[in-house]
Every structure is written in C-alpha cells, then in structure tokens.
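Colleague: I've got this one open on the screen and I'd like a close look at a single part of it. Could you walk me through it?

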Amino acid sequence: MRRPVGILGIGLASSLGDGVEAHRPWAHSAPVVDEARFAPHPIHPLAKLPFAETIPRRESRQMEDWQRLGTHAAGQAISHAGAADRVADMDLVVAAGGGERDAALDAQILAARPGEAALHGMLQAGLRPTLFLAQLSNLLAGSISIVHKVGGSSRTLMGEEIAGAEALRMAWARIGAGTSALGLAGGAFLAERPEIVLLHAMGGRLHAGPWAPMAGRGGTVLGSAAAFLLLGEDAGIARLSHVGTDQGGPAGAEARLDALLAAAPPALPGAVEIWAGPFDTPRPGLRLADAFGHTAESAFPLAVALGALAVQDGAPQARIAMTGAWRGEAVAVVEPA
Amino acid sequence: MSQRIAVTGIGLVTALGWGAEANWAAMRAGRSGVRPITRFDTEGLKTRFAACVDLPEDRPGAPLSVAARSRRLGEAAIAEALAQSGLAAPFPGPLCIGLPPVEIEWPQRLALGAADYPGMIAAVASRPDLAGEFHFGATAAHIAERFGTRGVPQVVTTACASGSSAIQMAVEAIRRGECGAVIAAGAEASLQPETLIRFSLLQALSTRNDAPEAASRPFTLSRDGFVMADGAGALILESEDHARGRGAAILGWVLGAGEAADTFHRTRSTPDGSAIIRAMERAVADAGLAPGDIGYVNAHGTSTPENDRMEAMACRALFGEAPPPVSSTKSMIGHTLSAAGAIEAAVCLLALRDQVLPPTINGDDPDPELGLDTVPASRPHRFRVALSNSFGFGGQNVSVVLGRAEPD
C-alpha cells in the first residue's frame, strides 16, 4: 500500500525572480526576455540572485552559476519546509545536464583552428583545474550536499527534461514505498551559456526571431530556472498524488502520454492544468514555457511546484503533463494536503 | 530480511577483452589491460596511457566520441548478459545505467567550420544527428530502444559510483514491485583528450609513462594516481519469483546496497572516513547481514594516494583487526569510472561462482600502513558473500553486497 507523499517545501528561481512568492502569479506575469545576447535566439535570463548571501564564498568559488543556481534553490526548498535540522538523512535526486565550459578558451581554439597536438597544448595551458568540478553533472548534487549538509543518498539523473520528471518520480516512489523519509528532488538549468544554446540548437529546435508565445513559435525558447521540491511523509502544503513517466520511440509519444493520463487520478472540476513541454500542443493547460521559456531539466519540477502553489491557493487539483523535446513523457497530479 | 534479487545474466567489456569469461580468465591470470593510447596524439601530454577499448570505427585523428563509444560498449555488455539470461528484446523491465556526461567534442566542433559560438550554433541547426549523439539522454535512449526496455531509462551519474547506483536503483525498482526484471549496467568511454587533460590538471592520474602496465598499483607505496579506462558491465536482475517462474539459471544474488553522501569536500572523503564506512554499513545491513559475513571486498581501490588510504582505514573500521581479503581489479582494467560499479559487481559474482579471488596486481611494494591482505595473486577462497565498493568524485558513495548461487 502506497503512503501519501506531501510537498513540504519549494525552492524556485527563474527569470521571474527568486523564491516562492515571486512565482505565485507566474501565469499572469510578463515574460522577461533577452533577444540580443544569443540572437537570433531569444532566451529568458535568470533574475539577479543573492548567491553571496546563500552560498558561502569558499564554496561559491568552486562553482559557476549553474551550480550556484541549483544550490541556491535547493537550500530554499529546505528552509521553506523548515527542515534544516533534518538534512543528515535527506535523500537527494537531482536532474542535471552539464556544467559550464570555458567559453573564452573555446573561442580562442575555434579562432586558431589548431591541429591535434596544438589543440592539446592549448587545452593543457588554458584549462583551469577547478572548472572541471564546476562542469561535472553530479557535482551540482555534490555542491548541495556540501553547502546544505544533505547527507542521505545522492543521485543525479541525466536526460534533459525527462530526467527532471524521473528524478521527481524516483523521490516520490521511494517515499511512497516507505524506503525514504525525506526526498529533495529537482533540477537547475542555466540557458544563458553558449554551449547550452549549442546543445539545444542541434537539429534546428530553437525558435529564431523576436520572442513569441508558444503558439507562434518556430521552435523552443530556452529559459533559466531551478526548481526543487522537498517531499516527505508529512502533509505539507500539498499532496503529490501521482507521478508517471514513460519513454520509447518518437512515434508512440502521444499514445504513451494518453496512457499516462489515463493511469493518473481522474481530473476534478476546476483542476489547474499545466503543460510543461518545450513545444506547443493541442492539449489543454497553462503554457509553462510561455512564462519561463523551456527550462529543460527544471521544467517538470517547476511545473509541479507551481501546481502545488495553485492547490495551496485553493485549486482542487493541479495536473501537469509534458512531452520532451526529443524523448520522454510525464504526468503528475497535485491535490490538497 | 530483504527480498533477494537474482542475477541471471552477466556481460563485460574491458581492455582485457570482450565477454565475461574472457575477462575473468585474464583477471585470474593477473594480466594488465593498460597500454599506450594510440587513438589520439599524446605528444606532450603528462599521461600517455590508459586501459583502452579501441574499435574498428576509430580512425587516426577521428576517434569515436565518448557518447558513441559508451553506447557501443554498453550495448555489447547488455547483449551478452541478455543472451545468457535467456531473455530477449523487448525486455520486460526498465534500464538503469551509469553513463558519463557527454558533450560535443573538438573533432565535431572543428568540423562545423565555424570560427565562434554563434557560427557553431547556426551550423548545428541542420544536424539532428548531433542531437541524437550528444544529448545527455541520447546514449541511454538508443540502448533502451535497441533492447526494448520499458519506461524511462534511468541514466545515473554519481561519478565513479554510477555503476553501483544503477544496480541499487534496479534493486529498489524490483523491491517496490514496479517490475520483475531490470537491466542494470554501466558504460564508460570518457577517454578523450580534453577529459584526460582535465584529470591530469587535477593531478588525479598516474604518470608512469615508462611502464603503463605497472601504473595501476592500488595499495602500494608508489601508487601515484588512477588509470583512465574504457569498459562496460551489465547484469540482468530479476526478483527471485520472476527468475524461478521462468526456470532461469540463477548465477548469484544482489543481496543489498547502501549509499551515503559525503558533505565534506568535492574530491576528498571526510577525514574520519565516516561517509564511506556508512555506505558499507548500510549495504551490509540492507542485505540483512553482519560485517563478519563478508568474505571478500572488491575495493574501489583506484591507486590514488588518498582513496586507498581512506578505503583501507574504512575497511579496518568496519571489519576490525582481521578484515577479509580486499583486492582491486582496477590494477588490471584501470578505472572505468561510470562503469566501475557494474563491472566490479560482475567480477564479484564470477569470483563467488568459482570460489577464486581476483588479484591486485603490481603489489610489489605494499603500503604496510594499510594493513590489508590485498591478494597479490589469484587464489582459491571459500566465501559466500562479497562487498563491492564504489566511491564517487563529488562525494557519492555506494556499496553493493553480492551473494553466491547455492549449488543445486
């Protein structure tokens, strides 16, 4: 028999601001967009965040902004839940891509077009040893453990947006099965990095031209965001009733999403629906990416967190659905505590 | 008493060869798979050797990417394990796999012909093939689709503990009743120039360029760093009921797993070793056993000064004055990073089957302060339970307990 899983705390940071209250009116907020920096591709840049106050300087020096963003939001979820005294056995599941390359060094190499041995020489002379630690996918989780003393299990899942959903599902399933008491799950995505724009531009998936709402886009618009949820056995601010995920070949994506929706608790009248996918869909729901852009690993946890806030504000239910840019489908249902 | 998880298939690829039996024979013979790197130019590099698994598709100046090689190695190990298990695609459960983070590499970047990032970003728009190779979820998605596994492939990176994390996640999924069978695997091919240079800059690698086969020398006085390695390991795991219900041959058991995150430092263990001790304790407890039940430890044993000292200390703390034999098969196959946990669990199962311990080779100057029997040569050993340790860069520590299949 599954135990109920509560959402005890939420940490959020994005282009719309810092913290839960800055995000509560997201569906009515004007999007924050930078069209110049990676033109012709608009992005939603991260709001200015008080990293200096939330991350000790000694630790912050070992990170770049991607890890700082995630570490900041994870800490917020812990303090939002008032769970700072329960971190020692807290289980962590992070969805992460890669960290940050030395874009200046990359630019030098691209300009020089060196041969093999010369390239290796430029890398040996130019790479900073500590930057490697700022790049490794699992070092976001490592930084969260070090800064916030989260000392239970630690897992990092890779796989763009579906990794964010699977991270949440894993934490939810473990608590539901009684094998974890407290699970901190989420992700961080920093869009405003050239190597990240490059990754998501592969295959022509990015919208080019002035910002437009999802319905008028020729592709996806990236946005920076981090979202962490602290899940546990207590009632919390809302109940995470269900998380379902699936993946397979692209041809079956719609049918798999339909099956996931059919397996979820039935929709209640007045339910808030949120579409967390990077591309528009005929399916119903508020468009997460209209407000935030596509926030990749963070998108699904962000949508579930916003659903929890809607339930806290009186909605009878929040239903979140997503199809990934390349692979993966996910559904979550949030209900009153 | 936790539910037992049966192992019904084992697959291995390392620098010692293709296939579990070929690897096991080479390990029993104490062979080294470490050799000079030939698939890229190593002139001027501080470390010029590794435990390489080269492929026919590697061309001079244009080796396969990390993503492509880890996919090939992972598919080979899984195909072997699956064939042994008697199961076939579509596989009736999910894939849990430890993989390295990947990205577009210099040969592909330079081949775009662009002089800067905006140029590259424009050039990749017409290249969906790059998305299918370099997205973080791509390698596992291709593997999952080849074997027809169910659900989202769980692609885990806990650095050098990834393979063990994959086994642990598989065990949890079976125990939760989500599935009766899981492919648990790890595949690694991070050996490309930039990664090699990055590890060199962290002073993590051995620089014994004059004698590569002697470079991985865990638990010795002259150990000077780890040796990068390619490889993959795969296990087919099933609930006991699922395996017995279809009459599968049970090769051994995954009895338990435990993990603990270190909150101390990105690259160093808590000085008292408490996090790695906790991972081992939790694994033993999860198996419903006591430390005295462990008959052999396959060490993380990376051959770095720091790891081997901390791991030896942790073993003495857990097992007391008479720890069981502790060997590091990384002395022969190098450090396969994301795959190490899966490969070394497979090695433990083969050792349990044959009642033979694999050696720690190159142990000609043992560090006397460590106080361990590190098995300098392969030898017969009566034991029922083995512990496999994996301690990740970034503080993620996982131990797995493996059990011997009872003779029928």
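Which residues in H10(B) meet which residues in H11(B)?

Modeller: Keep in mind that this is a predicted model. On the H10(B) side you have B:Ile276, B:Ile277, B:Met280 and B:Glu281, and they meet B:Met310, B:Glu311, B:Ala314, B:Ala317 and B:Leu318 in H11(B). Sorted by class, that contact comes out as 7 nonpolar and 2 charged residues, with no polar ones.

As for the geometry, H10 of chain B covers residues 274-286 and H11 of chain B covers residues 305-319. Their axes lie 9 Å apart, at an angle of about 50 degrees. The crossing of H10(B) past H11(B) is right-handed.

Helix H4 of chain A, residues 65-80, packs with H8(A) at an angle of about 50 degrees, and here the axes are 9 Å apart. H4(A) and H8(A) are therefore oblique too, and their crossing is right-handed. The residues are another matter: A:Gln67, A:Gly70, A:Thr71, A:Ala74, A:Gly75 and A:Ile78 in H4(A) meet A:Leu139, A:Leu140, A:Ser143, A:Ile144, A:Val147 and A:His148 in H8(A). By class that makes 6 nonpolar and 6 polar residues, and no charged ones.

H8(A) also takes us to the other chain. In all, 62 residues of chain A are in contact with 60 residues of chain B. Among the elements giving two or more residues to the chain A side are H8(A), at 139-148, along with H5, H6, H7 and strand E5 of chain A. H6(A) provides the largest share of that side, 7 residues. The chain A side as a whole has 30 nonpolar, 23 polar and 9 charged residues.

Strand E5(A) does some pairing there: 2 bridges join it to E6 of chain B, residues 154-156, and the two run antiparallel. A:Leu157 has B:Val156 in E6(B) as its bridge partner.

H6(A) turns up again over H8 of chain B, where H6 and H7 of chain A are among what covers the buried residues. Those buried residues of H8(B), which spans 193-201, are B:Pro193, B:Leu196, B:Ile197, B:Arg198, B:Phe199 and B:Ser200. After H8(B) comes B:Gln203, with a positive phi near 60 degrees.

Conventions. Residues are numbered from 1 along each chain as its sequence is written. Chains are lettered from A and ligands numbered from 1 in the order in which they are written. This is a predicted model: local features need pLDDT of at least 70, side-chain atom pairs count only at pLDDT 80 or more; totals for chains, interfaces and linings use all residues. Axes are lines fitted to C-alpha atoms, for helices over the stretch in contact, and angles run from 0 to 180 degrees between N-to-C directions. Helices (H or I, at least four residues) and strands (E, at least two) are DSSP runs, numbered from the N terminus. A crossing is left-handed if the near helix is turned anticlockwise from the far one by less than a right angle, and right-handed if clockwise. Two residues are in contact if their C-beta atoms, placed from the backbone, lie within 7 Å. Ala, Val, Leu, Ile, Met, Phe, Trp, Tyr, Cys and Pro count as nonpolar, Asp, Glu, Lys and Arg as charged, and the others, Gly among them, as polar. Two strands pair if DSSP finds at least two bridges between them. A residue is buried if 20 or more other C-beta atoms lie within 10 Å of its own, exposed if 12 or fewer, and partly exposed in between; C-beta atoms are placed from the backbone. Angles under 35 degrees count as roughly parallel, over 145 as roughly antiparallel, 65 to 115 as roughly perpendicular and the rest as oblique.
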